[in-house]
Amino acid sequence: MSETAISGYDYGTVAASPVTKEELDLLRASVLFGHEDEAALRRAGEVLGGQVEQILDVWYGFVGVNPQLLAHFSGPDGEPIAAYLDRVRGRFGQWIRDTCERPYDERWLAYQEEISLRHTPAKKNRTDKVTSSSHVPLRYLVALIYPITATVREFLMKGASGEDLEAMHEAWRKAVVLQVALWTRAYAPDLW
Ligand code: HEM
């Protein structure tokens, strides 16, 4: 598989995604993600861009009070690994920006596959050289779509209201569902 150098945020060198542009287009259509959603995400990016740390505070707070989630940032002794939480936090912040700002092209697709792999035994723990759980259970990946979507609303409300707020929130919801759908691939490549 060819390696694709991803520029912008330091993604390092990641392999091109096995997912084709056609498969992505069909997935986008299946989640009703259209050009108006891309435009709404760009506007959402302007609203959320200055609030990334506060959003992460909310998400990390949520993970912190849910032992079944915190376990995946913890070591064999059951203690959370602060450096791991910290380093992933930076990448998570970048993901918020990327979700709103980047074109969903081949480079984006390549990094989607990388994020997917980093939740599975193929690549979890490697980037940060930690000893933690082998993978994030797929069921939690799906479940987190809800909190990750619901919690951004209050932040979108700081810069939008009415129909615009709804459009941004729906676009965010679709973008998260789309990405998690892509991330299921590494868990079940033969069934994808
Ligand atoms: C909608 C659901 C989820 C989203 C949007 C999401 C998003 C992300 C992102 C963007 C990264 C950083 C990828 C990178 O650039 O390296 C990441 C990594 C990570 N996520 Fe998730 N995640 C989700 C669900 C979960 C769940 C349920 C857990 C369980 C605690 C989890 C635990 C982790 C861990 C441990 C890492 C670091 C993986 C590594 O070792 O590189 N994630 N996630």
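**Figure 1. Contacts of Ala44 in the predicted model.** Setting aside residues up to four places away in sequence, Ala44 touches Cys100, Leu156, Met168, Ala171 and Trp172; two residues are in contact if their C-beta atoms, placed from the backbone, lie within 7 Å. The model is predicted, and local features need pLDDT of at least 70, side-chain atom pairs count only at pLDDT 80 or more, and totals for chains, interfaces and linings use all residues. Residues are numbered from 1 along each chain as its sequence is written.

**Figure 2. The largest nonpolar core.** This core has 21 residues, of which Leu41, Ala44, Leu48, Leu156, Met168, Ala171 and Trp172 touch the most other members. A nonpolar core is a set of buried Ala, Val, Leu, Ile, Met, Phe, Trp, Tyr and Cys residues joined through C-beta atoms within 7 Å. A residue is buried if 20 or more other C-beta atoms lie within 10 Å of its own, exposed if 12 or fewer, and partly exposed in between, with C-beta atoms placed from the backbone. Two or more residues each are given to this core by helix 2, helix 5, helix 9 (152–156) and helix 10. Helices (H or I, at least four residues) and strands (E, at least two) are DSSP runs, numbered from the N terminus. With eight residues, helix 10 gives the most. Another core, of five residues, lies apart from it and has Leu24, Tyr104, Leu109 and Tyr111 among its members. In soluble globular proteins, nonpolar side chains tend to be buried together.

**Figure 3. Packing of helix 2 against helix 5.** Helix 2 (residues 35–48) packs on helix 5 at an angle of about 145 degrees, and the two axes are 7 Å apart. Axes are lines fitted to C-alpha atoms, for helices over the stretch in contact, and angles run from 0 to 180 degrees between N-to-C directions. Helix 2 contributes Leu41, Arg42, Ala44, Gly45 and Leu48 to the contact, and helix 5 contributes Ile96, Arg97, Thr99, Cys100 and Glu101. By class, the residues of this contact are five nonpolar, two polar and three charged. Ala, Val, Leu, Ile, Met, Phe, Trp, Tyr, Cys and Pro count as nonpolar, Asp, Glu, Lys and Arg as charged, and the others, Gly among them, as polar.

**Figure 4. The shell around the ligand.** There are 23 residues around the ligand, and His72, Arg91, Trp95, Tyr140 and Leu144 come nearest; a residue is near a molecule if its C-beta atom, placed from the backbone, lies within 6 Å of it. Two or more residues each come from helix 5 (82–101), helix 6 (106–118), helix 7 (138–143), helix 8 (145–150) and helix 10 (162–183). The largest share, four residues, belongs to helix 5. The shell has 15 nonpolar, four polar and four charged residues.

**Figure 5. Two loop residues with positive phi.** Leu32, in the loop between helix 1 (21–30) and helix 2, has a positive phi of about 60 degrees although it is not a glycine. Leu32 counts as exposed because it has 11 C-beta neighbours inside 10 Å. Lys129, in the loop between helix 6 and helix 7, is likewise not a glycine and has a positive phi of about 50 degrees. Lys129 is exposed, with 9 other C-beta atoms within 10 Å. Most residues other than glycine have a negative phi.

**Figure 6. Asp57 and Arg89.** Asp57 lies in helix 3 (residues 52–64) and is exposed, with 12 other C-beta atoms within 10 Å. The C-alpha atoms of Asp57 and Arg89 are separated by 9.5 Å, while the residues stand 32 apart along the chain.
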